[in-house]
Amino acid sequence: MSVLAIPLTILRIQYKIARIPLQLIETNVVEKMNAESPARLVYEHTLGSLDRAVGNLLGDKSLADRGETLVDSTENRAEAARLDAEARAKKVAADDELKVARETAEKDRRASDAAAQEAARDARQEAEQRKREAAQEAEREAAAKKKKADEQAAAATKSAEDRKKAQQAQVDKQEKLAAAPSEAELAEAAERSEEADSKKDEAERIEKLFIAEKNKD
């Protein structure tokens, strides 16, 4: 053994002795933590870095390799924890986005339903309005047709009555003409009346003469 090997051996032994409390802490406390706990990762990374540095300094390959392995393990677990945190964060963000999307879709659906109901209500009201207007127009047309029919019927009745009156007047005229004596008949009647008057006067004269003659006797 060389002169330089003796101090290095002593330093290795001293480091192992100094590391005993750290090993106890690691066994009794740190290893009971979650493998990805930040405190454990920091502790193990620090301890691994120390083992690696001391091992390289003292030429203790086993200690350096153990420290390197511990550092790599903590870095891998830290990266896995980081990726898992990112994944959880992305999942939370995705869940939030999905929740917002669902809420937005639900709002849009309710708005669409409300718009559809309003459109259907407007369509029903418009149809009812058109129905009322059509009924009113039909009533107006029916009233106009009835008025026109009544006017035509009244005109036809008046025309018939006028024709009847005209015909009756014509019949009355014909009857009067038929009942009226002709001029010849009137002249004959006048002549007969005069003859009757003459005979009446003659009879009265004869009667007077008769009475006078009788009175003489």
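Glutamate 106 and arginine 110 sit four residues apart in helix 3, so about one helical turn separates them. Helices here are DSSP runs of H or I with at least four residues, numbered from the N terminus. This is a predicted model, in which local features need pLDDT of at least 70 and side-chain atom pairs count only at pLDDT 80 or more, while totals for chains, interfaces and linings use all residues. Residues are numbered from 1 along each chain as its sequence is written, and side-chain values use heavy atoms, with hydrogens and water left out.

Back to the pair. Glutamate 106 forms a salt bridge with arginine 110, with the closest N and O atoms 3.3 Å apart. A salt bridge means a side-chain nitrogen of Lys or Arg within 4 Å of a carboxyl oxygen of Asp or Glu. Glutamate 106 is partly exposed at 29% relative accessibility, and arginine 110 is partly exposed at 44%. Partly exposed lies between buried, under 20% relative accessible area, and exposed, over 50%, using a 1.4 Å probe and protein chains only.

Next, another pair in helix 3, which covers residues 61-179. Arginine 82 and glutamate 86 are four residues apart there, and their side chains meet in a salt bridge at 2.3 Å, N to O. Arginine 82 has 36% relative accessibility; for glutamate 86 the value is 33%.

Helix 4, residues 183-216, holds arginine 205 and glutamate 202, three residues apart. Their side chains form a salt bridge at 2.3 Å, N to O.

In the whole structure, the search finds 15 salt bridges.

Terms used
Helices (H or I, at least four residues) and strands (E, at least two) are DSSP runs, numbered from the N terminus.
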